[in-house]
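Have the sequence and the 3D view side by side as you read.

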Amino acid sequence: MTRDVYEYAVIRVIPKVERGELINAGVLLYCQPRDYLCARVQLDPGRLRALDPGVDIDGVRRALSAYELACGDKPGPLAEESLGGRFRWLTAPRSTIVQAGPVHAGLTADPDTELNRLFDKLVRV
């Protein structure tokens with residue numbers, strides 16, 4: 001079974017950037033040899049409200065869904081970019097409420113299975 005290099009980043013929600021408190025809300029995984037880019041997100045509103053009772057939950061959900069949309073085939077601002085270009089844009093450092101954490105690497109024979117494993121380990125409570 002051939003294993004290929006992949007890169008991933010945790011998608012984080014930091015409701016008050018100046019405090020630095022965060023929750024993990026998704027995983028973004030890119031595997032160039034398999035031509036694979038996918039994001040999986042799940043927001044826990046209760047955990048997020050514990051950090052900021054006044055947070056705009058609907059706004060955060062829209063921002064999280066943008067990661068999933070950017071990985072798909074539907075027309076959008078990143079549709080013309082290569083999958084690698086999209087991954088780099090999505091993981092670029094930014095000071096916003098929803099942002100990607102540091103990029104990490106690994107080896108996988110099945111990117112879908114790896115995305116689910118990372119999601120269960122890093123996001124699902």
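## Cysteines and disulfides

The structure holds 0 disulfides. Keep in mind that this is a predicted model.

With a relative accessibility of 26%, cysteine 38 counts as partly exposed.

## Leucine 29 in strand E2

Strand E2 spans residues 23-31, and leucine 29 is part of that strand. Is leucine 29 buried or exposed? Leucine 29 is buried, because its relative accessible area is 0% and the limit for buried is under 20%.

What does leucine 29 touch, once its neighbours within four places in sequence are left aside? Its contacts include Tyr6, Glu7 and Tyr8, then Tyr36, Leu37 and Cys38, and also Pro111, Glu114, Leu115 and Leu118. So the partly exposed cysteine 38 turns up again here, as a contact of leucine 29. For a sense of scale, the C-alpha atom of leucine 29 is 12 Å from that of alanine 70, a residue 41 places away along the chain.

## One face of helix H3

Helix H3 covers residues 83-91. Its buried residues are Leu83, Gly84, Arg86, Phe87, Leu90 and Thr91. Looking down the helix axis, you would find these buried residues within an arc of 160 degrees, so they line one face of H3.

What do the buried residues of H3 pack against? Their partners are strands E1 (4-13), E2 (23-31), E3 (36-41) and E4 (98-100), together with helix H2.

## The largest pocket

The largest pocket holds about 260 Å³ of space. It is lined by 17 residues, and those closest to its centre are Ala66, Leu69, Ala70, Pro77 and Leu78. By class, the lining has 12 nonpolar, 2 polar and 3 charged residues.

Helices H2 (57-71) and H3 (83-91) each supply at least two residues of this lining. Which element gives the most? That is H2, with 5 residues.

Methods:
Residues numbered from 1 in each chain as written. Predicted model: local features only at pLDDT ≥ 70, side-chain atom pairs only at ≥ 80, totals over all residues. Heavy atoms only, no water. 1 Å grid on protein atoms, 1.4 Å probe; cavity = no way out; pocket = protein on both sides within 12 Å on 5 of 7 lines; lining within 4 Å. Points joined across faces, edges and corners; volume = space filled by probe spheres on them. Helix = DSSP H or I, 4+ residues; strand = E, 2+ residues; numbered from the N terminus. Nonpolar A, V, L, I, M, F, W, Y, C, P; charged D, E, K, R; others polar. Disulfide = S-S within 2.5 Å. Buried < 20%, exposed > 50% of the residue type's maximum accessible area, 1.4 Å probe, protein only. Arc of directions from axis to C-beta. Contact = heavy atoms within 4.5 Å.
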